[in-house]
Amino acid sequence: MATLNLGRIKPVFKGAYSGSTAYVIDDIVTHGNESFICIQAHGAGTQATSVAAYWTKLAAKGTDGTDVGTTITTQGDVLYRDGSGLQRLAKPASDMYLKNTSAGTPSWSALSSDWVRLGSGTASAAAIFSIDGLFTADYDIYKIFVNGIYGSSGGQALRYRYNSSAGTPQTGSNYKGVFDGSMWNSSSASSQQLGGDWNRDYFGYSNVSATADEFGDTEMTIFNPFSASKYTSSIVTGGGWEGNHIYTRHQRGSYNVTEAHTGITWYASSGNIYVPSCQVFGIKNS
Amino acid sequence: MRKALMTQNGVEYVDFTPEEVTAREAEEATAEAEKTTEDARVAQEATDKTNGNQKLLDLGLSQAEVDAITK
């Protein structure tokens, strides 16, 4: 029977190119992360894959990638690029937020705010309630919210003083203040009140109810309490409801001695006071 | 008697010293006296208001006219 030579009917993969191997047409080799097919038979070591008369590239390699696993190595690492290449930003030692500059330099940073809560707490059945040690040179202005203050007996005046040292209210006769207020009762009757303090040993600005569910709230802005060269002054808004009437108070006070104060003390003119919530915030100096 | 002292560490209660108790009791007594005086003043003011209103009515003014000039 006659034999018909059809030649190769499919390419033959020959593995990595070797200069010591002879190749024939349709041999396929790999070299330099690319693949080539032989288009002209040649002897061993005579034609490298770069010689276009003998080899045609089947598949070109892409651009070399980067093994980021050698840059970021630890849980929490963040990968970023600087002016020269990929860099690692290791995780922070404590909970922080990622900050980036306009120049593109990332770093970890604590969340910053111009309002900083300096303290909070509650108190019950105390003759006086004092906040202290929260006024510092970091802040000139403070906001204090006293939520739901009430007393052991109703109809008492709510007063405050500045502290000259930890928890010790200043009782010098240096308090100058003025307040006004208004009341509206269940009979739709109203009254207004105007009062003040001149060289007294406390500020008065509101009353306290005797029950917890009759709220008495206060918002205070305190200026320069920690300054030894400026008067400590205050703007206070307060009020609440008691029995058959609701009332409001506004007070402006100044302590006309240049001395540093470390805190504030509240008290009722008689009996104990209860403070369900007090929060103190500092507003950062510029 | 005790004070509630709130710092960065929270709230702690501290008993008054004997001197603080004495000072507090004296202040409460003063405040009570002031409150009695103030309550009497407010009561007198209310009485004066009622009497004044009545005198104006006695002069022949209507209550609306009295209200118009007094409120």
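**Figure 1. The second largest pocket of the predicted model.** In this predicted model, the second largest pocket holds about 350 Å³ of space. Its lining is made up of 20 residues, and the closest to the pocket centre are Arg161(A) and Thr171(A) from chain A together with Ala23(B), Arg24(B) and Glu27(B) from chain B. Two or more lining residues come from each of β13, β14 (168–169) and β21 (263–268) in chain A and from α1 in chain B. The largest share of this lining belongs to α1(B), which supplies 7 residues. Sorted by class, the lining of the second largest pocket comprises 9 charged, 7 nonpolar and 4 polar residues.

**Figure 2. The largest pocket.** The space in the largest pocket amounts to about 1,400 Å³. There are 39 lining residues, of which Gln193(A), Arg249(A), Glu38(B), Arg41(B) and Val42(B) are the closest to the centre of the pocket. On the chain A side, the elements giving two or more residues to the lining are the strands β13 (156–165), β15 (175–185), β16 (190–200), β17 (203–208) and β20 (245–255); on the chain B side, the element is α1 (18–58). With 10 residues, α1(B) gives the most to this lining. The lining of the largest pocket contains 15 polar residues, alongside 12 nonpolar and 12 charged ones.

**Figure 3. The interface between chain A and chain B.** Contacts across the interface involve 31 residues of chain A and 17 residues of chain B. The two chains bury about 1,800 Å² between them, and carbon and sulfur atoms account for 48% of this area. Within chain B, the residues that lose the most area to chain A are Met6(B), Arg24(B) and Glu27(B), which together make up 33% of what that side buries. Arg24(B) and Glu27(B) are also among the residues closest to the centre of the second largest pocket.

Figure 4. Ala127(A) is placed in the loop of chain A that runs between β9 (115–126) and β10 (128–132). Is this residue, Ala127(A), buried or exposed? Ala127(A) counts as buried because its relative accessible area is 1%, under the 20% limit. Beyond its neighbours within four places in sequence, Ala127(A) is in contact with Tyr267(A), Gly271(A) and Asn272(A) of chain A and with Met1(B), Arg2(B), Phe16(B) and Arg24(B) of chain B. Ala127(A) and Ser269(A) are separated by 142 residues in sequence, while their C-alpha atoms are 9.5 Å apart in space.

Figure 5. Lys143(A) belongs to strand β11 of chain A, which spans residues 139–147. The relative accessible area of Lys143(A) is 16%, and the residue is therefore classed as buried, the limit being under 20%. The side chain of Lys143(A) makes a polar contact of 2.7 Å with the side chain of Thr221(A). Not counting residues up to four places away in sequence, Lys143(A) touches Glu219(A), Met220(A) and Thr221(A), as well as Trp115(A), Gln279(A), Val280(A) and Phe281(A).

**Figure 6. The strands of chain A.** Chain A contains 22 strands and 0 helices. Among its 286 residues, 37% count as buried. Of the contacts in chain A between residues at least 6 apart in sequence, 61% link residues at least 24 apart.

Methods. Residues are numbered from 1 along each chain as its sequence is written. Chains are lettered from A and ligands numbered from 1 in the order in which they are written. This is a predicted model: local features need pLDDT of at least 70, side-chain atom pairs count only at pLDDT 80 or more; totals for chains, interfaces and linings use all residues. Side-chain values use heavy atoms; hydrogens and water are left out. On a 1 Å grid over the protein atoms alone, a cavity is a set of points where a 1.4 Å probe fits but cannot get out, and a pocket is an open set with protein on both sides within 12 Å along at least five of seven lines; lining residues have an atom within 4 Å of a point. Grid points are joined across faces, edges and corners, and a volume is the space filled by probe spheres set on the points. Helices (H or I, at least four residues) and strands (E, at least two) are DSSP runs, numbered from the N terminus. Ala, Val, Leu, Ile, Met, Phe, Trp, Tyr, Cys and Pro count as nonpolar, Asp, Glu, Lys and Arg as charged, and the others, Gly among them, as polar. Buried means under 20% relative accessible area, exposed over 50%, partly exposed in between (1.4 Å probe, protein chains only). A polar contact is a pair of N or O atoms within 3.5 Å; within protein, one must be able to donate a hydrogen and the other to accept it, and residues adjacent in sequence count only if both atoms are side-chain atoms. Contact means heavy atoms within 4.5 Å. Buried area is the accessible area (1.4 Å probe) that two parts lose on being put together, summed over both.
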